[in-house]
Amino acid sequence: MSAALFNTLKKVPVPLFGSAATAAAFGARKAASIPRFAPWALPLGAGALWFVWPAVDEEWKATTFGSSAPAPEEKKVELSPEAIEKVEKA
């Protein structure tokens with residue numbers, strides 16, 4: 001069964017590798033090195049989250065993880081007419 005499958009894969013064209021058999025062999029060789037890099041998974045994941053998390057939309061965060069404490073309302077400062085005049089003249 002596997003010999004017939006391998007012979008079929010030899011004929012399927014795949015960009016950059018030539019055939020699916022070559023691509024499968026390449027993938028198998030690369031997969032064998034995964035355990036060597038496994039200790040780096042947690043630090044790389046934490047670094048990626050630290051880099052990407054500020055760019056994630058706040059609305060998506062609230063809908064996905066539940067709404068957090070509401071942000072405090074900012075108080076607006078009202079200027080007196082004299083202060084507005086001074087700002088406009090500055």
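Author: Let us begin with contact, which means heavy atoms within 4.5 Å. Leaving aside residues up to four places away in sequence, K61 touches W53, V56 and G66. Before going further, please keep in mind that this is a predicted model, in which local features need pLDDT of at least 70 and side-chain atom pairs count only at pLDDT 80 or more, while totals for chains, interfaces and linings use all residues. Residues are numbered from 1 along each chain as its sequence is written, and side-chain values use heavy atoms, with hydrogens and water left out.

K61 lies in helix α5, and that helix covers residues 58-65. Helices here are DSSP runs of H or I with at least four residues, strands are runs of E with at least two, and both are numbered from the N terminus. With a relative accessibility of 12%, K61 counts as buried; buried means under 20% relative accessible area, exposed means over 50%, and partly exposed is in between, using a 1.4 Å probe and protein chains only.

What does the side chain of K61 meet in a salt bridge? Its partner is the side chain of E58, at 3.3 Å from N to O. The term salt bridge stands for a side-chain nitrogen of Lys or Arg within 4 Å of a carboxyl oxygen of Asp or Glu. E58 and K61 are about one helical turn apart, because they are three residues from each other in helix α5. E58 is exposed, with a relative accessible area of 54%, whereas K61 is buried.

K61 also has a polar atom in its side chain that lies 3.3 Å from the backbone oxygen of W53.

Rings of Phe, Tyr and Trp (its six-membered ring) pair if their centres lie within 6.5 Å; planes under 30 degrees apart count as stacked, over 60 as edge-to-face and the rest as tilted. By this rule the count comes to three aromatic pairs. One of them joins F17 and F26, and it is tilted because the ring centres are 5.2 Å apart and the planes stand at 45°. Back in our region, W53 and F65 form a tilted aromatic pair, with 5.8 Å centre to centre and 55° between the planes. This pair links distant parts of the chain, 12 residues apart: W53 sits in the loop between α4 (41-52) and α5, and F65 in helix α5. W53 is partly exposed at 34% relative accessible area, while F65 is exposed at 57%.

W53, W60 and F65 form one aromatic cluster. Together with L49, these residues make a nonpolar surface patch of about 460 Å². Patches are made of residues with over 30% relative accessible area and no salt bridge, joining like charges within 9 Å and nonpolar side chains (Val, Leu, Ile, Met, Phe, Trp, Tyr) within 5 Å. The areas come from the Shrake-Rupley method with a 1.4 Å probe, and for residues only the protein chains shown count as cover.

Methods: Polar contact = N/O pair within 3.5 Å; in protein donor to acceptor, adjacent residues only side chain to side chain.
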